[in-house]
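Dear colleague,

Please find below the structure for your records. I would be grateful if you would read the notes that follow alongside it.

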Amino acid sequence: MATVEHAAVVDEHAATSTGLPHLKLAMWLFLASDCLLFGALISTYVLYRGASVTGPFPADVFDIPYTSVSSFVLLASSLTMVLALAAIQRGDVGRCRIWLLATALLGMTFLGGQVYEFTSFVHEGLTLKTNMFGTSFYVLTGFHGTHVAIGVLMLLTLFSLSFGGRITQRNAMTVELVGLYWHFVDIVWIVIFTVVYLIPTGTPPGAS
Amino acid sequence: MTVPTQRPTGLLSRPRATSGFWAWITTVDHKKIGILYGITAFGFFLIGGTEALLIRLQLARPDQALVNAEQYNELFTMHGITMIFLVVMPLSAAFFNYLLPLMIGARDVVFPRLNAFSYWAFLFAGLFIYSSWFLGGAPNGGWFGYAPNSVVDPTRGMTFYAIGLLIAGIASTVSAINLAVTILNMRAPGMTLFRMPVFVWMGLVVQLLLAFSLPVITIGLVELLFDRLFGTHFFDVAAGGSPVLWQHLFWLFGHPEVYILILPAMGIVSEILPVFARKPLFGYQFVVFSGIAIGFIGFGVWAHHMFAVGLGPVPNTAFAVSTMIIAIPTGVKIFNWLGTMWNGDIRFTTPMLFAVGFIAMFVIGGLSGVTHAVVPSDYQQTDTYYIVAHFHYVLFGGAIFGLFGGMYFWWPKVFGRMLNEGVGKVNFWLMLIGFNMTFGPMHILGLQGMPRRIQTYPASLGLAFWNMVATIGAFIIAVSVLVFLVNAIASFRRPREMEADPWDARTLEWATSSPPPEHNFDEIPVVHSLDDLWHRKYAETEGGRVVPVAAGGSGEEAPAAGPDAEHAQSHGDGHDGAHTGGHHGGHAIHMPSPSYFPIVAALGFPFIGYGLIFAIPPVIVLGFAITLAGFFGWALEPSAE
């Protein structure tokens, strides 16, 4: 559904009432709505900061340099996404294809990093069930990871469609829409990375 | 928009049926989808009503045990979930789907297949929740699902609740975005925002409320689901969690939800009153702005549901004040409606009776609502039948009365046949009397201290009399609903020969035939003013007297005199070719083709749900595969054949 939804009316409404294309307006509304999903999850995380009664605590498991690198990878994918859109707007399908694939690969690298991070945390004894930190951390970052995965799926769909001649300069907006979603997911990560990883929790109760 | 219409590159050809079973399954026509929403919601209304009758039978006399406490919990929980999520919301969605495109002069909603997807997802959500009765017990923790009770309950009921509402939430969010973009982007030429009918305005506010409140409950439900299925501790006090978080997430959705339920009815009433008072809506801008204000303030009052939780005097005071403030825009609307009727040439048709009934009942519910805004008073009322009385006065006396009025009003437009007026009036009076007999005494019971959600009560409390009255009232309501059903069924025995504008109405949906052709309008109307249709029919003399405009009079719009001329004007040509498209400018009207994929995409959700509940991973994977296949088929199917 990321790629094709035709408007009901072609002739009379070539120009929309607001001047914004239907799909773009819909995407903005969806992203605004999605903000509240993340808002509720981040609020939950913030509410339960320092609420864990047993470890491991954030300071015990976080590897800030490692996560910084994977965050950098995700943010870099916003650049490749912009390049993909610029290419298709010029009508350069070949370049667009390369940048779409690059974006998807960077996204997958981030996801791989998250899988590795989750695995190592579990080895250090932090699971969903361990404490409030595990509960709120995994659900928040996992929810974001799911968003990234859906984005990767859309990027790969665009990438494959481009071989069938379905991605052209005329419908560059399809790429733009996926781009909007992708940038949104990146921006949310900036907030999550700051709130979850960078702001110290302080000494947990009972920790020496 | 990405697939050129000439290139059928899809996986499957698009369905072609235009009538019969498959036409309904694959339809993307907003009118058919509206009817599907309406019928489904009415079916759930009968089920939810039956649950209410069982509750009333159980409470008719003291110390009864028709149902045991566990069954009673399931009954009141399912009654609440049904009436809110499966009746009032989808019945409002039925009106929005059917009417919004017609009222703004559009041929369909902006994303017709997404619209069909929303309906199927809603239907599957309803069936999914109801399947819980047969799969180990229905939800039993109240429609509000308070943690930690909803987490620790040993039955599967609250898991069905969480997953069912998540699916319904997806349906509503998608539909909200679809309808909001439709209103913003698909208006006919000249239909500026402040020429939109109030019902369209309320539609826009409701869609935005849905888009911004549903995500919050979604997260609450996800957390509840994780607590129940995967052992997380979101609402687990022993691990450091907080059950109050659930209440915040729930009511941060739950209070906007109240306006999601009532604003559509307010919009309907704002359309009915001017037609039958033969006057423009008094203070259109005030009604619109107060609707918007209600939408905004509605996000800032949620903790008035939590006064007794112990948030402290400062939050309680703040939310008490915001709650009293929201009564102001609501009161503004009441006065506007009264002003609309004032000095009007009133015709007391059935829709008008329901609209006036709405105002009276809603005022009672609104006033009792203000009494809960006073914190010390709320401490006395909370969890008593006084609250039950209050919210039934706004949700039944308000929303349901408004929706019934809407059904009587738009029935001829939708089905091309009138509902019988005499029977309709019997329907109204029975419902009004039954309603007040049921819920009026609950104020007294509540003030006498009768608690909500308790299966029975001892005779010594002296509550028996008013409970019996309430039970008799509930059965009178049931009779009134049966009267409606008879009226509805009987209407289909009459021939379909309705004129376009039987009520001499004001808005664009009455400018096209009844029922409208698939493409709604042969020519997209050009709008020159608020109540455009009215101004095409009538002019005002210098003395302020309303006179019909002569047929074929001056003006580019060729204003028509009265409904018949209007009908003739709209359908002078292209009428017979309605389904193949009118022939204007030498090209057929392009309408979106039906599609199999909306129902396929929605069908995956219940599989995911059952897989999660019964812990069968292959079923979960199958569900995701079905939904994904639906979306990919959707994306790749040819845009038309």
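Predicted model: local features only at pLDDT ≥ 70, side-chain atom pairs only at ≥ 80, totals over all residues.

Residues are numbered from 1 along each chain as its sequence is written, while chains are lettered from A and ligands numbered from 1 in the order in which they are written.

Confidence is expressed as pLDDT (the predictor's confidence in each residue, from 0 to 100). The average for chain A is 89, and 90% of its residues score at least 70. Residues 1-13 of chain A stay under 50. For that stretch the model has 39 contacts beyond four places in sequence, a contact being two residues whose C-beta atoms, placed from the backbone, lie within 7 Å.

Chain A contains six helices and zero strands, where helices (H or I, at least four residues) and strands (E, at least two) are DSSP runs numbered from the N terminus. Of the 208 residues in chain A, 42% are buried. Here a residue is buried if 20 or more other C-beta atoms lie within 10 Å of its own, exposed if 12 or fewer, and partly exposed in between, with C-beta atoms placed from the backbone. Among contacts in chain A with a separation of 6 or more, 82% join residues 24 or more positions apart.

Between the chains, 44 residues of chain A are in contact with 46 residues of chain B. On the side of chain A that touches chain B, the elements giving two or more residues are α1 (22-47) and α5 (132-163) of chain A. The most comes from α1(A), with 15 residues. By class, this side of chain A has 24 nonpolar, 14 polar and six charged residues. In this scheme Ala, Val, Leu, Ile, Met, Phe, Trp, Tyr, Cys and Pro count as nonpolar, Asp, Glu, Lys and Arg as charged, and the others, Gly among them, as polar.

Leaving aside neighbours within four places in sequence, B:Ala180 is in contact with A:Leu29, B:Leu204, B:Gln207, B:Leu208 and B:Ala211.

B:Leu208 also takes part in the contact between α7(B) and α9(B). Helices α7 (residues 198-230) and α9 (residues 284-297) of chain B pack at an angle of about 10°, with their axes 10 Å apart. The two are therefore roughly parallel, a label for angles under 35 degrees. Their contact comprises ten nonpolar, two polar and no charged residues.

Two peptide bonds are cis. The bond from A:Gly55 to A:Pro56 has omega near -5°, and A:Pro56 lies in the loop between α1 and α2 (58-61) of chain A. The bond joining B:Ala147 and B:Pro148 has omega of about 0°.

Positive phi values occur at B:Arg453, near 60°, and at B:Asp531, about 55°; neither residue is a glycine. B:Arg453 counts as exposed, with 12 C-beta neighbours inside 10 Å, whereas B:Asp531 is buried, with 21 other C-beta atoms within 10 Å.

With kind regards

Definitions and conventions
Axes fitted to C-alpha atoms, helices over the stretch in contact; angles between N-to-C directions. Parallel < 35°, antiparallel > 145°, perpendicular 65-115°, else oblique.
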